[in-house]
Amino acid sequence: WIGAAAAGFYQLLLWKLPMAGNAEVQTWHWAVANLLVVACLVGRRRWPLTVIALTGIASVLGEFLGAGAGLVTLLGTPLLIAVYALIATTGTGPVRCAIGLILATACDIMPGFLISSPFPLISRLVPAFLTIALVVVAALVSRSRRRTLEHRDAQLAARAAERRLAAQRDTARHQARVAGELHDSVGHDLTAIIALSEGLRGTSADPDLDEAIGTINAL
């Protein structure tokens, strides 16, 4: 959100200062493009494929309608950012990555065919291919590093769980040993109490004492 707000503020300043005297740039073009850029920057992680489609199609339409090179460049930045987010995300499948990459490449090189320029077509397409390639390489490096970190975190979590289970097992063994020792000790003491109380049965002339000894034997 902070990055999207900073991008929107920067584009607002750019529109108020250098772009204000550019007759090719309409105010509503610039406003719509900036709103699209901010929305795409906010949603690029959750919906990268949708962001690629929106920015790519908007860039091609802007070039086709003659919206100006500044707007096309403005829309091309979130397109590359969405490509990076799509490929760098470890949960993205190869099919979605391939679809997004093909769509982004097609939308990135399409303006080269639409722009009338004295330069050869290959000289206009090579920068687009190189830019996409650099973004893909950076995203693959980030994806590999993220997978390595996730694998390391999983190993650390497994070791922590193993240590926790070992501690629980040791605690259970200690409790079982204490319970066994307590059972043996209490059993021995109860056996001695029973033997003594049964030996005292009927040996006293006091009826209250005989009744208490009988209760002890019953218990």
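**Close-up views of a predicted helical model**

**View 1. Valine 186 on helix H6.** Valine 186 is found in helix H6. The model shown here is predicted. Helix H6 covers residues 121–199. Valine 186 is partly exposed, with a relative accessible area of 38%. That value lies between the 20% and 50% limits, so the residue counts as neither buried nor exposed.

**View 2. A nonpolar patch on the surface.** Val186 belongs to a nonpolar surface patch.

View 3. Serine 142 lies in helix H6. Is this residue buried or exposed? Serine 142 has a relative accessibility of 17%, so it counts as buried, the limit being under 20%. Leaving aside residues up to four places away in sequence, serine 142 touches Tyr84 and Ala88.

View 4. Where does arginine 45 lie? Arginine 45 sits in the loop between helix H2 and helix H3. Helix H2 spans 27–43, and helix H3 spans 48–64. The relative accessibility of arginine 45 is 61%. Arginine 45 therefore counts as exposed, as the limit is over 50%.

**View 5. Isoleucine 52 and its contacts.** Isoleucine 52 has its place in helix H3. Its relative accessibility is 0%, so isoleucine 52 counts as buried. Which residues does isoleucine 52 touch, not counting residues up to four places away in sequence? They are Leu79, Ala82, Val83, Leu86, Gly100, Leu103 and Ala104.

**View 6. Isoleucine 52 and isoleucine 99.** This view pairs two isoleucines. Isoleucine 52 and isoleucine 99 are 47 residues apart along the chain. Their C-alpha atoms are separated by 10.0 Å.

**View 7. The whole chain, for orientation.** The chain has 7 helices and 0 strands. From the N terminus on, its elements run α-α-α-α-α-α-α. How many of the 219 residues count as buried? The share is 26%. Serine 142 and isoleucine 52 are buried examples from the views above. The chain exposes about 14,700 Å². Carbon and sulfur atoms supply 69% of that area. Among contacts with a separation of 6 or more, 62% join residues 24 or more positions apart.

Key:
Residues numbered from 1 in each chain as written. Predicted model: local features only at pLDDT ≥ 70, side-chain atom pairs only at ≥ 80, totals over all residues. Heavy atoms only, no water. Patch = residues over 30% accessible without salt bridge, like charges linked within 9 Å, V, L, I, M, F, W, Y side chains within 5 Å. Areas by Shrake-Rupley, 256 points an atom, 1.4 Å probe, with all protein chains shown as cover. Salt bridge = Lys/Arg side-chain N within 4 Å of Asp/Glu carboxyl O. Helix = DSSP H or I, 4+ residues; strand = E, 2+ residues; numbered from the N terminus. Buried < 20%, exposed > 50% of the residue type's maximum accessible area, 1.4 Å probe, protein only. Contact = heavy atoms within 4.5 Å.
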